[in-house]
Amino acid sequence: MTFRSSLARDCLIALIAFLVLAALPYIFPSRGFTDFLVRLAAFGIFATSLNLLVGYSGMESFGHGLYFGLGCYSFALIMQNFPVSIPVAFLLTIALSIVVALVVGAICVNLSEIYFAFLTLAFQMLLHSLIIAWTPITGGDQGLTGGVPRPPFLGIRLDDYYHVYLFSSGLLVVCLLAMYHIVQSPFGYTLRMIRDNAARAPFLGVNVFRVRLMAYVIAGAFGSVGGIIMSLFVSGAFPDFAYWTISGEAIFMLMLGGITVFLGPLFGATLFLVLNDVVTKLTTHYGIFLGGVILLFALGLRKGILDFVSDRLSDRRQSELTAASRTSSDAPGAKPAPAGE
Amino acid sequence: MTNRNRPGVGRRSVLKGAAAATAVAGFPFVSRAENKPIKMGMVTIQSGRFAMIGSSSSKGALMEIDKFNAAGGLNGRKIELIIRDSKGKPEEAARLAREFANSDGCEVIFDADSSAAAFAIQEVAKETGALTIHMNSETSSLTADPKLHVPTAFRSARQGIHDSIAGGSYAGEIAKQKKLNKWMGCSPDYAYGRDSNNLFFKYLKRNHKDAEVIGETWPKLAQPDYTEQLTKILQTKPQALYSCFWGGDLTAFIDQSSIYNLFAQMDVFAINVADYAILTAIKNLPKGIHSGSRYLATFPKTKENADWSAAYRAKFNNEFPLNWSWENSVGAQFVIEALRKTNSTDPKKLAEALKGASIDTPFGVGGKITMRGDDHTIVNYATGWGQTIQKDPYVPDVKAVDWKVILELEDEWKKEMKYT
Amino acid sequence: MDLSALGNCLISTSCLITQTTSGLIIGLLLFMVAAGVSLIFGVLKVVNFAHGTFYMLGAYFAYTAYQITDNYAVAVLAGGLGVAIFGLIFERLLISRVYGSPVLMQILVCYGVILILDDVVKLIWGPDFLSFGMPEAFRSLPIVFAGGVIPVFYLFLILVTLVIAALLGLLITRTRYGKIIRAAAVNPTMVSALGINTGVIYASVFVLGGLLAGLAGGLAAPVRSLTAGMGLAIVIESFIVTVIGGMGSVAGALVGSLLIGLVRSFGSIGFPLFTEGLMFLMMAVVLILKPSGLFGREGR
């Protein structure tokens, strides 16, 4: 299938998905449902953007929350302090994240695993310290109060919760589509090549630093979109969104859902949010339950659910193939190839 | 308010429809609707380092709610209190408040969370129109700032500005007597810490013109080691120190200060010491610390207060009531009395009933506390300052503060802040 | 920023003494926890994010032991031994299963354990914060030395932690066991080829790390308030120390900890509002200039 026609096909799928999402509140009229989906949009985009680094580039960032927090605070602060429209604020926020990602990425991307992880975390915590200390601008530990002004644009009124829902669902679909095409493009395959064998890549003419930096910047830009949605949802910003725990939760979502399947992070985000909400409703022993589930996944399954499913499917396909080749083979003593991992 | 002509029929119309349908069908369901519980949702912190907030808040509220239910409730309808843990995250607190209002059918939201969460929950109150009582937040701007005002939101906790005026006037007296002119502040670096510190010194200087702040140090909230702050204080050599540390931070600070023998070298005014969590936890409480009364069973020195404290301890495994306990009790009591007065759970009607309401309570001056009508916050609660001794009653002599002075200066402060 | 205050302090003996001692205190307690983190990473290549929980448990075990026996030494030992045993269980039951797994899986296991234990601690010891109480022996006036003030308890802590650091150093450099774990850090396959049970070695490193963290928890308890989640601050600082000092190097952990301690203590005079940021900045600088840390091995 050519690239162009697969893009057309994917756009169609995306459009259908959006229409389904838009219709859902008529089937499930509860406000809780739309609230859940808005949160899911924010975290789904955020987790998928992190997977661009973890799953597709082999860059294990502990500090991706930097962009979530940056996106949330920048968007809210721009809207509160400058008389611009929402699309303009949106673009300015993305631009800011790109600039920050360029600087941070240039410093970090060539470091090896553990050091990359720690340095990204250090930068995130620097932002967090800045947010807490700069109280007159950011509100400090109380978070940004006063709400986020929402002047209407293009007929969209974001002070109406259904419009916020549509806006978030639309962003979710568009961002996932965009990220999917990035990873399916030649650039995406170069990333995977670097992930699998960074030593060999330069021999093939690949500028590893440039490719990694680009991946890091793209991931940062999309990560901040998640932050923008969250800022609309909570009508402000909280320092928690830049704290290391948000990076930890995103990693948990990746591990829950899977990192080799594109929709793994979205699935993981859904699971995580459901788990969080249900456990909070049912018990005060949140830590024990959530911690228990985490251990079950990390020690039992040891890979995300969608990874598990896709591995099972490919194992089955492999054994079907070898079974088929075995029945058609006449050579005595021919041994079937073992099912590949 | 949110636009109502959106998809989603809304809980109330669904219930009305269901009630109508069942009335027609003649199910026994209808007659039992009278005894359907009145649901109230409490958002609080039940895990992590501030878990005692949730523990004491829920118990304080239950003192009143269980009493009300035992007396038959509202025409047989009892209050069902649902308590959920925000884990200290303001966005989670907002989500839970929204869930209570939109999905769980709660008539009242009790915000027993941190002051950061209170602002987030105030937004939810604005959006949903649910009756919301802030039981713990002491940040004055929550009710003082007219831009944040929400008609169905109220506060049943003490206010930072009141405490600072009270503290400044008490300390001013002592400073004048003992000629304490050189002062230092050491409080945690976050909104409450900064406000409390700055306002205390403002009112101290008003009462004692010669007082001068010669230094300040700002540790982080939940910072484990205060050595760097303590050595700075010892080097600056003030005559008196103000601190609004609370909870675990306060006990760590007191323990660490003691080994530096700090309390012998200066007068210490630590507003949050007179709280049983601190008083019973610290093994060697230094004597002579000036503290504001958070909650003491002996202040007000009335039988009602002593009885309430005894009943609380009997009901809850001999635990001591804390500041959050009485604030939550008062909040619950206000709502209960409004319920009784209006015989309805409509948030607008309840809000009307709450404005200007007064309740009979052991925690008020002269046995009464009033919910002010214009800014929806309580006044006339018992508050005072005194010095610590090393055993029960810990602060034997509490000087009650004159509410006339507090209200006058609060008015002035509001004008300065351009709130009025 | 208050550079003049900082300058004044550096030329004043009393200030120098007071601030240096306070830097030593902060640094040495931090060292006890960071050394464990560094060892575990160096030998096992495991990022033990749950090390703060070890420290917290040490403080709680010590608290209960002190309530029962009223003897500080026993309490501290109880803290250390209790967490040593816990470290063993933790390694055998949980960590050993994720040795080959990606780092993020290991982090997740630690995160799960942290969540569970914070709740367990709340269930057993209650939601209120606890205060240990200063043992009788240390309730005397602080020592004044050339104008500087040093509390007796802190002097005791400095001595004890220096002794422990020295013992640890001897263990690593002079004993057969130390040689084995240093070898296992460089080439585990060779070590097992020599007939040494690597499983036992790995478990023992966790026991050692747990012992150190537990002792630190118990030693610091009289000047801390005990609460769930108290391990968090120290684990973040421990990681900063290990990065600066070099993963796997105990000497590096000592230098890194003392550096952090002194930066905190003098930094709070010169840069009172940015001390946190200063530490992260230091970590960032080291990672950029020499990623393996001051004493770390290249190519890790």
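Visitor: How far can I trust chain A, in pLDDT terms?
Guide: Keep in mind that this is a predicted model. Chain A has an average pLDDT of 88, and 95% of its residues score at least 70.

Visitor: And where in chain A does pLDDT stay under 50?
Guide: That's residues 336-341 of chain A. The model has 7 contacts for that stretch beyond four places in sequence.

Visitor: OK, switching to chains B and C. How much area is buried between them?
Guide: About 3,100 Å², with carbon and sulfur atoms giving 57% of that. On the chain B side, Arg49(B), Glu228(B) and Ile259(B) lose the most area to chain C, together 22% of what that side buries.

Visitor: How many residues does each of chain B and chain C put into the contact?
Guide: Chain B puts in 33 residues and chain C 39 residues.

Visitor: How many salt bridges does the rule find across the interface of chain B and chain C?
Guide: It finds 2 salt bridges there. Asp225(B) and Arg224(C) meet in a salt bridge through their side chains, at 2.9 Å from N to O. The rule also finds 8 residue pairs in polar contact across the interface of chain B and chain C.

Visitor: Which helix of chain B gives the most to the side that touches chain C?
Guide: H10(B), with 8 residues. Helices H3 (51-70), H9 (227-236), H10 (247-259) and H11 (276-281) of chain B each supply at least two residues of that side.

Visitor: New topic: which residues of helix H7 of chain C are buried?
Guide: H7(C) covers residues 176-186, and its buried ones are Gly178(C), Ile180(C), Ile181(C), Ala184(C) and Ala185(C). They sit on the same side of H7(C), because they cover an arc of only 160° around the axis.

Visitor: What do the buried residues of H7(C) pack against?
Guide: Four helices of chain C: H2 (13-44), H6 (152-174), H8 (188-193) and H9 (198-220).

Visitor: And which exposed residues are on the face turned away?
Guide: Arg176(C), Lys179(C) and Val186(C).

Visitor: Last one. Is Ser115(B) buried or exposed?
Guide: Ser115(B) counts as buried, because its relative accessibility is 17% and the cut-off for buried is under 20%. Ser115(B) is in helix H5 of chain B, residues 115-128.

Visitor: What does Ser115(B) touch?
Guide: Leaving out residues up to four places away in sequence, Ser115(B) touches Gln142(A), Ser137(B) and Thr139(B).

Terms used
Residues numbered from 1 in each chain as written. Chains lettered and ligands numbered in written order. Predicted model: local features only at pLDDT ≥ 70, side-chain atom pairs only at ≥ 80, totals over all residues. Heavy atoms only, no water. Buried < 20%, exposed > 50% of the residue type's maximum accessible area, 1.4 Å probe, protein only. Arc of directions from axis to C-beta. Contact = heavy atoms within 4.5 Å. pLDDT = per-residue confidence, 0-100. Buried area = accessible area lost by both parts, 1.4 Å probe. Salt bridge = Lys/Arg side-chain N within 4 Å of Asp/Glu carboxyl O. Polar contact = N/O pair within 3.5 Å; in protein donor to acceptor, adjacent residues only side chain to side chain.
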